[in-house]
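User: I have a model open and would like to go through it. Can you start with the terms you use?

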Amino acid sequence: SGRRSMKPSEKAGMKLKLDLHTHCQEATQFAPVDEKTVGKIVDKALERDLDGLAITDHDALKYARQVRRVVEESFDNSIIIIPGQEKRSGDNHVVELYLESDTVFRFIAHPGYLFHTNHHQLDGIHGLEMHNSYWYIDEEKIREVAADNDLMLLSNSDAHSLADIGRYYNVVDLDELYRRAEKIPEEK
């Protein structure tokens with residue numbers, strides 16, 4: 001592909017094309033994490049000219065970490081893999097991205113129910129998804145809430161199939177995610 005592979009930390013300060021909400025375990029029909037399966041994910045990301053993606057299966061962080069390891073070992077870091085997971089929080093689905101340096105960036109995915117309750121649900125949230133392949137989202141309302149609460153606006157595929165990876169994406173500097181993210185508390 002002509003890309004020079006770099007670790008995520010080397011890409012700080014660069015604008016990157018990232019899909020931050022994908023369900024690759026489902027997209028690969030729960031195939032084993034091996035070079036063949038991960039190759040399909042990498043190929044689709046490169047086909048869409050993505051610099052990376054977050055793998056955010058439902059309550060399944062282990063899978064994302066396994067994929068990242070295979071990309072590092074067998075694909076020379078040709079794309080950035082950000083491990084994450086999608087969790088249910090009340091009426092919302094919150095995506096947590098586990099960045100380097102023990103930080104977590106959280107955003108509300110497909111925030112359809114966001115405005116049926118009060119805004120305490122935004123505590124610890126750093127962004128709102130305003131575009132998504134599968135859900136209707138009130139873009140005007142999302143922009144208003146994001147502006148009022150200094151939240152990052154995001155567009156993601158929410159891919160449940162390989163064909164949808166990168167359908168929506170963000171052009172963002174990783175430093176922006178780190179600036180907004182929170183340190184993960186040390187366990188005692």
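Analyst: Contact means heavy atoms within 4.5 Å. This is a predicted model, so local features need pLDDT of at least 70 and side-chain atom pairs count only at pLDDT 80 or more, while totals for chains, interfaces and linings use all residues. Residues are numbered from 1 along each chain as its sequence is written, and side-chain values use heavy atoms, with hydrogens and water left out.

User: Fine. Which residues is asparagine 156 in contact with, leaving aside its neighbours within four places in sequence?

Analyst: Asparagine 156 is in contact with Leu18, Asp19, Leu20, His21, Phe107, Glu129, His131, Asn132, Ser133, Tyr168 and Asn170, once neighbours within four places in sequence are left aside.

User: Where does asparagine 156 lie, and is it buried or exposed?

Analyst: Asparagine 156 lies in strand β7, residues 152-156. Helices (H or I, at least four residues) and strands (E, at least two) are DSSP runs, numbered from the N terminus. Asparagine 156 counts as buried because its relative accessibility is 0%. The scale is: buried under 20% relative accessible area, exposed over 50%, partly exposed in between, with a 1.4 Å probe and protein chains only.

User: What do β6, α4 and β7 make?

Analyst: β6, helix α4 (residues 139-149) and β7 make a right-handed β-α-β unit. A crossover is right-handed if, with the strands pointing away from the viewer, the path from the first strand over the helix to the second runs clockwise. Strand β6 (residues 127-132) is mostly covered, with five of its six residues buried.

User: Now the packing. Which residues have the most contacts inside the largest nonpolar core?

Analyst: Leu20, Ile82, Leu97, Phe105, Phe107, Leu174 and Leu177 have the most contacts inside this core of 18 residues. At least two of its residues come from each of β1 (15-22), β3 (80-89), β4 (92-99), β5 (103-109), β7 and α5 (174-180). Apart from it lies another core, of 17 residues, among them Cys24, Val38, Ile55 and Ala64. A nonpolar core is a set of buried Ala, Val, Leu, Ile, Met, Phe, Trp, Tyr and Cys residues joined through side-chain atoms within 4.5 Å.

User: What do the buried residues of α2 pack against?

Analyst: The buried residues of α2 pack against α1 (24-27), β2 (52-55) and α3 (61-74). Those buried in α2 are Thr37, Val38, Gly39, Ile41, Val42, Lys44 and Ala45. In α3, Leu61, Tyr63, Ala64, Val67, Val70 and Val71 are buried, and the buried residues of α3 pack against α1, α2, β2, β3 and β4.

User: How far apart are the end C-alpha atoms of α2?

Analyst: They are 17 Å apart, which agrees with the 18 Å that the 13 residues of α2 (residues 35-47) should span at 1.5 Å a residue. The expected span is 1.5 Å times one less than the number of residues. α2 is followed by aspartate 49, whose phi is positive, near 60°.

User: Last one. Where is glutamine 121, and what does its side chain join?

Analyst: Glutamine 121 is in the loop between β5 and β6. A polar contact of 2.7 Å joins its side chain and that of asparagine 92. Glutamine 121 counts as buried because its relative accessible area is 17%.

Notes. Polar contact = N/O pair within 3.5 Å; in protein donor to acceptor, adjacent residues only side chain to side chain.
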